[in-house]
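Please inspect the sequence and the structure before reading the solutions.

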Amino acid sequence: LPILMKWEITMEFSKKIMAAAGGLLVLVLFLFSGCGVPKGNGASGEAYRVTDDFGTVVSFAKKPKRIYATTLGLNEILAALVPPERIVAVPESALNEKDSLIYEEARKVEKAVPDHLSTEQIIALKPDLVLLQSNGDRSEAKTLRDMGIPVCEMKVAVTYDLVVHHIQTAADATGEPEKGKEVIAAMENKLEKVNSVISEIPEEKRKILMAYSMNGVFGSKDGLFHQICTMAGVKNGAAVAGLERGEHLSKEAILAVNPDYFLFPERAFVSNPGGDIDRYVEEVVTDPALQGVKAVQKKQIIKIKDRYRYATSQFLADAVYEIASKVYSEEFKKASEKF
């Protein structure tokens with residue numbers, strides 16, 4: 001009988017040991033599986049997920065280290081979020097010293113490639129994340145995903161809210177959500193400075209600005225430049241004239257709007273790279289048909305960086321500030337102490 005009791009006690013103790021070991025094993029497996037990891041936390045190889053503009057959920061086991069962005073605007077965002085060593089390649093236009101807004105960051109990236117790569121060329125870069133802008137045709141995103149490459153697909157940014165959304169989405173995808181918030185906060189700070197000045201300007205004193213590319217007046221009401229003008233406190237002359245995307249504005253329509261300012265790029269970088277902008281400006285302001293326009297009569301011609309006019313990144317805030325401060329220069333001088 002004592003031997004039997006001793007055997008039962010031993011068996012009971014063994015069961016407890018095995019149960020404890022099993023619980024420990026489950027705990028270890030749980031931790032290593034990454035379960036319960038908060039979204040957006042890419043530290044220490046922990047998994048996170050991001051939903052792109054088309055509703056696709058992109059999963060990451062760790063922060064990507066070979067990131068490629070397909071447009072200059074997305075590269076401008078990317079350069080503000082991650083160090084150069086995490087960018088696998090930049091477009092050659094980013095290395096244009098006089099015109100690129102991210103020249104200093106881009107020159108530290110190991111590889112430069114043409115601005116527009118084929119799907120095969122992107123695959124050859126072996127990226128572990130592609131920030132891709134899609135406009136209608138989404139086949140490229142599908143092909144890249146079929147090859148096992150994570151793709152965060154963005155719509156074309158035509159509003160300020162969408163630009164902000166793209167910054168935060170890119171930040172989440174790269175595992176840098178807090179950095180994204182910092183970039184957005186810096187934008188908002190610049191815009192608040194502008195608003196503090198233009199909010200004091202009555203509507204009837206707001207100026208009309210008409211912007212030229214090397215191909216003529218641009219800025220339809222459904223484009224991002226129209227919103228840049230609105231945020232800068234100026235009326236977009238092209239929208240006032242009813243310009244539609246893809247159309248050209250007649251000289252008669254320009255005269256009818258009678259803008260206070262003409263806006264040109266400092267250098268032709270986007271619409272006509274290498275074009276002689278000074279000669280083009282001279283042709284416009286000396287055109288006999290435009291001599292009755294206030295912008296010509298008062299010689300109110302302003303220039304800004306070409307990329308600012310098409311800013312689909314955090315530099316949108318710089319575009320707003322540049323336009324507002326040049327059109328309302330006196331008001332900004334008076335408010336300079338506030339800044």
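**Exercise 1: helix packing**

Determine which residues of H6 meet which residues of H8.

Solution. Tyr-160, Asp-161 and Val-163 of H6 meet Leu-224, Gln-227 and Met-231 of H8, where contact means heavy atoms within 4.5 Å. By class, the residues of this contact are four nonpolar, one polar and one charged. H6 (residues 160-173) and H8 (residues 224-231) pack at about 105°, their axes 9 Å apart. The two helices are therefore roughly perpendicular, a label that covers 65 to 115 degrees.

The model is predicted: local features need pLDDT of at least 70, side-chain atom pairs count only at pLDDT 80 or more, and totals for chains, interfaces and linings use all residues. Residues are numbered from 1 along each chain as its sequence is written, and side-chain values use heavy atoms, leaving out hydrogens and water.

**Exercise 2: the sheet**

State the strand order of the open sheet.

Solution. The order is S3-S6-S7, with parallel pairing; strands pair if DSSP finds at least two bridges between them. S3 (67-69) and S7 (151-154) are the edges, each with a single partner strand, so one side of each lacks a neighbour in the sheet. On average, neighbouring strands are turned by 15° against each other, direction ignored. S6 (residues 129-133) and S7 are joined by four bridges; Gln-133 has Met-154 in S7 as its bridge partner. H6 packs on this sheet, touching S6 and S7, and its direction makes about 180° with that of S7.

**Exercise 3: cysteines**

Count the disulfides.

Solution. With a disulfide taken as a pair of cysteine sulfur atoms within 2.5 Å, the count is zero.

Terms used:
Axes are lines fitted to C-alpha atoms, for helices over the stretch in contact, and angles run from 0 to 180 degrees between N-to-C directions. Angles under 35 degrees count as roughly parallel, over 145 as roughly antiparallel, 65 to 115 as roughly perpendicular and the rest as oblique. Ala, Val, Leu, Ile, Met, Phe, Trp, Tyr, Cys and Pro count as nonpolar, Asp, Glu, Lys and Arg as charged, and the others, Gly among them, as polar.
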